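Hi everyone, thanks for coming.

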Amino acid sequence: MTENRRVALATCSVLPELDKGDQPLVAALAERGVTAEPAVWDDAGVDWSSYDLVVVRSTWDYSARRDEFVAWAKAVPKLLNCADVLEWNTDKRYLRTLEESGVPVIPTIWLDPARHLSKRAVHTRMPAFGDFVVKPVVSVGANDTGRYQPVSAESRGLAIEHAKRLLDGGRWVMIQPYVTSVDTAGEACLVFLDGQLTHSVRRNALLDGPFRPTQGLYAPEEMRPFTASAEQIEVARKALEVAQAELGGREPLLYARIDLVTGDDGTPVLMELELTEPSLWMQLAGDVDAFGAMADAIVRRL
């Protein structure tokens, strides 16, 4: 029986009523006898223990306060995805684990702030050919991320300043080659609910130049539905299997989004494994009732 059960949909203070893409989930749960309501994750007045379940959704302001966010997650009695998943997934060094387990990922140079690298040392670690991306290991929605050109002294100088600013702030930095197929094909985002692929979405390219402060929580996005290929689905499932094994979970994750790009050889390459607070774009699922599928998965966990 799920009557009188209460579920909190965790969000941030900028979106106290949830992102509009998640709002229909409230009605879908109500149809199943579950009362769902948005709750701001860092609101000290919320009694998280009063809920039968807390589902993380639009908590998109956490990246500057990751330690606080992880501590909050660990203090919530029943949270999905769970705190261990969030702690692992909010630091993009998880990509190392996926790569070591055979998941194709974008090659990455990792810069450790504890090494106190000079500008010259940062410069020598940047690619000599092809556009490249500089970003921190903890970020949301392309925040603190920029695209640079190695053949331009001005662009390379901006990249060095960007990386040094992050490192001097105590943040690990990633340097990756820019995958040019994103400019024409965008990113392929595969959404899994309760372990099942429900729908896929194409997202436009987000980076067109050096780092610029993001207006709002994330960079503007354009999405459209598409049908994922067998190769894309295989890579996505492999990434999920590795994550599941690493985290020791016995049941499927409540939600997951796997973001892929097409490599130079035409094969899918993983860009991100989003297990924390991804947009799921359930309104773009076509004939699939993704809101119903998500609501059913929540009810099963009650």
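Before we look inside, one term: a cavity here is a set of grid points where a 1.4 Å probe fits but cannot get out, and its lining residues have an atom within 4 Å of a point. Please keep in mind that this is a predicted model.

I'll talk about the second largest cavity, with a volume of about 30 Å³. Its lining is made up of S181, A185, G186, E187, A188, R202, Q232, L260, V261 and T262. Sorted by class, that lining holds four nonpolar, four polar and two charged residues.

Which elements supply at least two residues each to this lining? They are α7 (181-185), β9 (187-193) and β12 (255-262). With three residues, β12 gives the most.

Next, have a look at S200, in strand β10 (residues 196-203). Is S200 buried or exposed? S200 counts as buried because its relative accessibility is 6%, and the cut-off for buried is under 20%. Beyond its neighbours within four places in sequence, S200 is in contact with C189, L190, R224, P225, F226 and A228.

Finally, the cores. The largest nonpolar core has 74 residues, of which W72, L98 and M294 touch the most other members. Setting aside neighbours within four places in sequence, M294 is in contact with L25, V55, R57, L193, L254, Y255, L280 and M282.

Thanks, and I'm happy to take questions!

Conventions. Residues are numbered from 1 along each chain as its sequence is written. This is a predicted model: local features need pLDDT of at least 70, side-chain atom pairs count only at pLDDT 80 or more; totals for chains, interfaces and linings use all residues. Side-chain values use heavy atoms; hydrogens and water are left out. On a 1 Å grid over the protein atoms alone, a cavity is a set of points where a 1.4 Å probe fits but cannot get out, and a pocket is an open set with protein on both sides within 12 Å along at least five of seven lines; lining residues have an atom within 4 Å of a point. Grid points are joined across faces, edges and corners, and a volume is the space filled by probe spheres set on the points. Helices (H or I, at least four residues) and strands (E, at least two) are DSSP runs, numbered from the N terminus. Ala, Val, Leu, Ile, Met, Phe, Trp, Tyr, Cys and Pro count as nonpolar, Asp, Glu, Lys and Arg as charged, and the others, Gly among them, as polar. Buried means under 20% relative accessible area, exposed over 50%, partly exposed in between (1.4 Å probe, protein chains only). Contact means heavy atoms within 4.5 Å. A nonpolar core is a set of buried Ala, Val, Leu, Ile, Met, Phe, Trp, Tyr and Cys residues joined through side-chain atoms within 4.5 Å.
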